[in-house]
Amino acid sequence: MLIDYLHHRPALAAPFFCDPTAAAIGRTVAGPGLELRAYATLRADGEWVRIGARAFFAERATAHIADGLLPATVGDDVTVGRYALVHACTLEDGVVLGDAAVVMDGAVVGARALVAPGSLVPPRKRLPGGWLYAGNPATPMRAIGADELAAAAMAIRTGTASALVRADGLPPLDMDAFLPGSAGGGALHAIAGRAPRIARAYVAPTALVAGDVDVADDVGIWFGCALAAGDGRIVVGPRSNVQDNSILVTDAARGELRLGAGVTVGHNVRIGAATIGDDALIGMGSELADGVVVEAGACVGARAQVEPGTVVKTGWIWAGRPATAFRELKPDERTWFARGRDIYVGYAAAYRG
């Protein structure tokens, strides 16, 4: 699915392969040989995503930008694993990202490096090429040779076993698990007579909203997202955004899942029956279990894993796996979070138009 944004049109050099559920958007430019598997998303609305030749993005892999600030730059022969995230950073030639790895704003991963599954490369970090990196944050483990790197990339591209790059415990990589067997196509689905209610909001064509889901004004539900209430309920407050390939799932036994007003849910996030207060920020690649409460204005860091029943207090960042209180938010960070929220309100209006 090739989608214009304002006057920008994706430019993918032939030959390329895009699964029908994948999306390349706006200022995306790619060399020949690009492959996008199911729900992979290259979203270049507020800046450029530039990709070299023969790049591969596995199921639910995501590339995005920092609006008006930083592009995403991907070299030749780069392989990005399932549910991995390339965010406003640079991946040099031959880089391999394992499943659910996250590379953040301004980071540079050097040529022919491998980032292990579930690892986090923090903002502005520079990782020299030719090494295997792992951890949260990613640290060098050992040098990696060309043959081993090629085998790891091939494992991602062919879906074969490899401890170096393949991870267990990923969310569903298609939408079938969220729908009754009789469901048809489209983004909006009733379950057991309960249908979504969408106000003046944007729901991307590759997203899914199913069951008793209440979406308020100026909300964006972005590409590849699944909001599945089952026989329960999900509420998304005004001016909130749920970014690409995030999975929000609950049911009546687990409890209601509620996002307040002005909440930002980053890319590739998983949330259960949680309560998220107004103007909270949920970082990219994080996981929030049932019973989590994130109070108004609090922040969950990228790749954090928040355990059941945790209360993330107002004015604090929680980080780690499992997540613990990390430090208090700084005033400039609050300003930055508000800027991101407002940008996404603007995105929703532009896409609706």
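**Labels and their grounds**

Author: Gly-129 sits in the loop between β18 (126-127) and β19 (131-134). The model is a predicted one.

Reader: Why is Gly-129 called partly exposed?

Author: The relative accessible area of Gly-129 is 34%. Buried requires under 20% and exposed over 50%, so Gly-129 with its 34% is partly exposed. The C-alpha atom of Gly-129 is separated by 6.7 Å from that of Val-109, 20 residues apart along the chain.

Reader: What makes the contact of Arg-54 and Asp-77 a salt bridge?

Author: The side chains of Arg-54 and Asp-77 meet at 2.6 Å, N to O. The rule asks for a side-chain nitrogen of Lys or Arg within 4 Å of a carboxyl oxygen of Asp or Glu, and therefore the pair Arg-54 and Asp-77 at 2.6 Å qualifies. By this rule the count comes to 23 salt bridges.

Reader: Why is the pair said to tie together parts of the chain?

Author: Arg-54 lies in the loop between β6 (41-51) and β7 (56-57), and Asp-77 in the loop between β9 and β10 (79-80), so the pair ties together parts that are 23 residues apart in sequence. Arg-54, at 41% relative accessible area, is partly exposed, and Asp-77, at 35%, is partly exposed.

Reader: Which label, buried or partly exposed, belongs to Asp-212, and which to Arg-197?

Author: Asp-212 has a relative accessible area of 14%; the limit for buried is under 20%, so Asp-212 is buried. Arg-197, at 37%, is partly exposed. The side chains of Asp-212 and Arg-197 meet in a salt bridge of 2.7 Å, N to O. This pair links distant parts of the chain, with Asp-212 in strand β24 (residues 208-215) and Arg-197 in strand β22 (residues 197-198), 15 residues apart.

Reader: How are Arg-327 and Glu-333 classified, given that their side chains meet in a salt bridge?

Author: The distance in that salt bridge is 2.6 Å, N to O. Arg-327 has a relative accessible area of 25% and is partly exposed, whereas Glu-333, at 16%, counts as buried. Elsewhere, salt bridges that share partners join Arg-197, Asp-212, Asp-214, Arg-233, Glu-256 and Arg-258 into one network.

Reader: What is known of the largest pocket, and which element gives the most to its lining?

Author: The largest pocket holds about 1,200 Å³ of space. Its lining has 43 residues, and the closest to its centre are Met-104, Pro-123, Met-284, Trp-336 and Phe-337. The element α2 gives the most to the lining, with 10 residues. The lining divides into 23 nonpolar, 12 polar and 8 charged residues.

Reader: Which residues line the largest cavity, and why is it called a cavity?

Author: A cavity is a set of points where a 1.4 Å probe fits but cannot get out, whereas a pocket is an open set. The search finds 1 cavity of 30 Å³ or more, and the largest cavity holds about 40 Å³ of space. Tyr-83, Ala-100, Val-102, Asn-268, Arg-270, Gly-285 and Arg-303 line the largest cavity.

Note on methods: Residues numbered from 1 in each chain as written. Predicted model: local features only at pLDDT ≥ 70, side-chain atom pairs only at ≥ 80, totals over all residues. Heavy atoms only, no water. 1 Å grid on protein atoms, 1.4 Å probe; cavity = no way out; pocket = protein on both sides within 12 Å on 5 of 7 lines; lining within 4 Å. Points joined across faces, edges and corners; volume = space filled by probe spheres on them. Helix = DSSP H or I, 4+ residues; strand = E, 2+ residues; numbered from the N terminus. Nonpolar A, V, L, I, M, F, W, Y, C, P; charged D, E, K, R; others polar. Buried < 20%, exposed > 50% of the residue type's maximum accessible area, 1.4 Å probe, protein only.
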